[in-house]
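Here are my notes on the fold, for reading beside the model.

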Amino acid sequence: MHKLTSRADLDAFRSLCSEALACETKKILVCGGTGCVAGGSLDIYDKLLQLIQEKDLPVEVDLADEPHGDVIGMKKSGCHGFCEMGPLVRIEPQGWLYTKVSLDDCEEIVEKTIIGGENIERLAYRINGEVYRKQEDIPFYKKQTRLVLESCGHINATSIKGYIATGGYKALEKALFEMTPEEIVSEVSESNLRGRGGGGFPAGRKWASCAAQKEFPKYTVCNGDEGDPGAFMDRSIMEGDPHRLLEGMIIAGLAIGSTEGYIYVRAEYPLAVDRLKTAIAQAEELGVLGDDICGSGKSFHIHINRGAGAFVCGEGSALTASIEGKRGMPRVKPPRTVEHGLFNKPTNLNNVETYANVPMIINKGAAWYKSIGPENSPGTKAFALTGKIKNTGLIEVPMGTTLREVIFDVGGGMRDGAKFKAVQIGGPSGGCLTEKELDIPLDFDSLKKVGAMIGSGGLVVMDDKTCMVEIARFFMDFTQNESCGKCVPCREGTKRMLEILERIVEGNGKDGDIETLEELADTISNTALCGLGKTAPSPVVSTIQNFREEYEAHIYDKRCPAGECSKLKKFVIIADKCKGCSKCARNCPVNAIDGKIKEPFVINQEKCIKCGACIGNCNFGAVIEEA
């Protein structure tokens with residue numbers, strides 16, 4: 001690649017890349033997202049490439065500098081989203097998706113599919129006896145609208161040529177040569193793009209506030225920390241389409257008058273860091289990043305900072321403090337980040353998904369963007385769909401899509417015929433929604449009305465075997481461990497709440513515990529220093545509101561209705577069914593079962609450790625777990 005020094009150079013390079021892409025008449029896209037990599041997808045990629053080369057077939061791992069006839073494109077793509085079925089391999093131009101691929105399948109894929117043009121039906125996705133060969137026909141994908149994630153799984157995640165060949169950096173070209181900073185801010189404001197990191201603050205208003213600041217330098221910062229348990233939307237974008245993030249950040253820098261950008265990535269995302277470093281190096285080499293971008297006279301540089309795994313660094317002021325080399329702790333506001341942010345200078349801070357929306361808004365316009373989803377929350381939202389659901393993975397749907405559509409259409413409904421109970425939305429800062437909220441639109445304003453929030457986009461689906469008191473304890477344990485300790489309400493209040501919840505699930509709850517939890521939650525929410533502390537009690541508050549009877553059963557009846565809390569389990573032997581064989585007693589690890597041969601045995605509840613060994617060893621169904 002040579003450095004582009006003009007708009008004409010960029011257009012010529014795009015044409016060359018498009019021609020090279022057209023020569024790839026066949027493509028093999030092996031998922032290179034973290035989930036599939038953990039399942040061995042990179043070994044599958046290497047094996048497929050080796051087999052193709054051994055057969056002397058023309059193959060390219062990146063777009064050729066000079067187009068030279070038909071070739072097979074061999075790609076490491078980003079996350080395809082259908083993580084439940086990985087490792088995944090997509091075959092183009094047919095659009096076939098192979099699921100649960102193993103090394104043993106590679107030779108057959110090359111022989112039958114690449115050479116023979118046949119579909120391998122046993123590798124296709126199937127459900128209820130129906131086979132889905134094409135990826136877009138699978139219900140999981142058919143019900144989605146993938147805009148931010150449109151290229152994840154469809155392009156080489158490590159190639160700037162592939163990004164440019166499919167329209168990448170067109171928005172940057174337009175912003176550089178056709179728009180003023182004021183026009184960029186106006187377009188983003190008019191689109192009503194709202195921050196995808198949780199709060200839903202209008203991005204255009206934040207950009208305008210930062211642009212209006214007179215002090216320089218200014219900074220453009222991307223929050224890629226994504227600390228919510230089970231959330232991996234931002235990670236997938238950084239891994240699968242890193243240049244889209246860079247393009248959005250550069251455009252933001254042009255809009256606010258910034259020449260320096262920082263991407264703050266959690267340390268647990270090594271693959272995302274590696275892909276971003278590669279993308280930055282490629283963009284600098286080509287001249288779409290760095291000094292005098294494409295001869296425009298505008299400059300922008302991007303740096304990567306790796307976080308140390310602190311959840312609180314997802315909060316803006318704690319994040320900027322961490323970049324500065326200080327301990328990541330929130331500060332009192334105002335002043336806001338747009339006034340005094342990184343290095344005490346005006347700073348625009350958005351998350352990965354927010355910046356990834358910007359290129360298509362600049363390319364297609366605010367009116368197009370507002371045509372998707374509700375007027376006050378336009379566009380799409382990526383969610384990490386996990387829990388007791390058939391189809392888990394990364395999804396993207398228009399804002400305003402209902403929970404029912406996400407869980408039962410995209411997600412395929414509950415596993416093993418279980419009954420839906422609740423969904424935790426927004427991670428530790430969010431709350432539980434129940435069956436009565438299934439038809440609520442997923443957008444910022446609708447969720448706020450019922451005391452919930454989208455957050456970064458985690459959706460954990462729970463069935464009727466899930467204990468909601470334990471769920472509250474789990475999230476409070478996470479939040480308490482992640483508290484930075486700066487303010488007393490969060491540091492001490494969450495600790496007290498966790499202690500009470502631990503007592504309740506261990507069978508030591510007492511009268512007044514629920515009221516104490518509610519009082520502590522109210523105090524913490526109203527007095528904590530930062531947004532993370534203020535929302536810390538949300539999972540507890542929402543579970544009490546929706547499942548108070550479960551709390552009461554734990555406290556007063558010493559019983560877990562879901563049968564999940566081990567300390568509240570009670571195993572009993574039905575005398576009429578017991579044959580007196582003593583097998584349960586002989587296999588009890590703590591000698592908690594007494595009796596005589598050929599007479600009914602009895603479990604000593606004071607000794608019993610609730611391990612369930614007695615149930616597993618009884619051949620007559622005489623041992624049961626008492627509800």
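1. Terms and basis. Two strands count as paired if DSSP finds at least two bridges between them. Helices (H or I, at least four residues) and strands (E, at least two) are DSSP runs, numbered from the N terminus. This is a predicted model, in which local features need pLDDT of at least 70 and side-chain atom pairs count only at pLDDT 80 or more, while totals for chains, interfaces and linings use all residues. Residues are numbered from 1 along each chain as its sequence is written, and side-chain values use heavy atoms, with hydrogens and water left out.

2. The five-stranded sheet. This sheet is open, with mixed pairing and the order β2-β3-β1-β4-β5. Its edges are β2 (59-60) and β5 (96-98); each has a single partner strand, so one side of each is left without a neighbour in the sheet. Strand β4 (residues 89-92) runs antiparallel to β5, and three bridges join them. R90 has L97 in β5 as its bridge partner.

3. Helix α3 (residues 41-54) lies across β1 (24-31), β2, β3 (71-77) and β4. Contact here means heavy atoms within 4.5 Å. The helix runs at about 170° to β3. Axes are lines fitted to C-alpha atoms, for helices over the stretch in contact, and angles run from 0 to 180 degrees between N-to-C directions.

4. The four-stranded sheet. Which order do the strands of the open sheet of four take? The order is β10-β9-β8-β11, with parallel pairing. Here β10 and β11 (347-351) stand at the edges with a single partner strand each, so one side of each lacks a neighbour in the sheet. On average, neighbouring strands of this sheet are turned by 20° against each other, direction ignored.

5. Pairs within it. Strand β8 (residues 219-224) pairs with β11 in the parallel sense over five bridges. C222 stands opposite N350 in β11. Seven bridges link β9 (residues 260-266) and β10 (residues 301-307), also in the parallel sense. Y262 has H303 in β10 as its bridge partner. From β9 the chain passes through helix α12 (residues 270-286) to β10, a right-handed β-α-β crossover. Right-handed means that, with the strands pointing away from the viewer, the path from the first strand over the helix to the second runs clockwise.

6. Two entries belong here. Strands β8, β9, β10 and β11 are all touched by helix α13 (residues 316-323), whose direction makes about 100° with that of β9. Helix α14 (residues 352-364) also packs on the sheet, touching β8 and β11, and its direction makes about 95° with that of β11.

7. Helix α8. Which residues of α8 (residues 181-191) are buried? They are I184, V185, V188 and S191. Buried means under 20% relative accessible area, exposed over 50%, and partly exposed in between (1.4 Å probe, protein chains only). These residues cover an arc of only 130° around the axis, which puts them on the same side of α8. The arc is that of the directions from the helix axis to the C-beta atoms. Their packing partners are α7 (170-177), α9 (203-211), α11 (242-256), α14 and α15 (366-370). Just after α8, N192 has a positive phi of about 60°.

8. A salt bridge is a side-chain nitrogen of Lys or Arg within 4 Å of a carboxyl oxygen of Asp or Glu. By this rule there are 39. E173 pairs with R7, with the closest N and O atoms 2.7 Å apart. E173 sits in α7 and R7 in helix α1 (residues 7-23), so the pair ties together parts that are 166 residues apart in sequence. E173 is buried at 6% relative accessible area, whereas R7 is partly exposed at 29%. R7, D11, R14, E173 and E178 are linked in a salt-bridge network.

9. Two further salt bridges. K345 pairs with E215, the closest N and O atoms being 2.8 Å apart. K345 lies in the loop between α13 and β11, and E215 in the loop between α9 and β8, so parts 130 residues apart in sequence are tied together. E215 is partly exposed, at 34%. E515 and R548 meet at 3.2 Å, N to O. E515 belongs to helix α20 (residues 513-527) and R548 to helix α22 (residues 538-556), so this pair ties together parts that are 33 residues apart in sequence. E515 is partly exposed at 41%; R548 is partly exposed at 28%.
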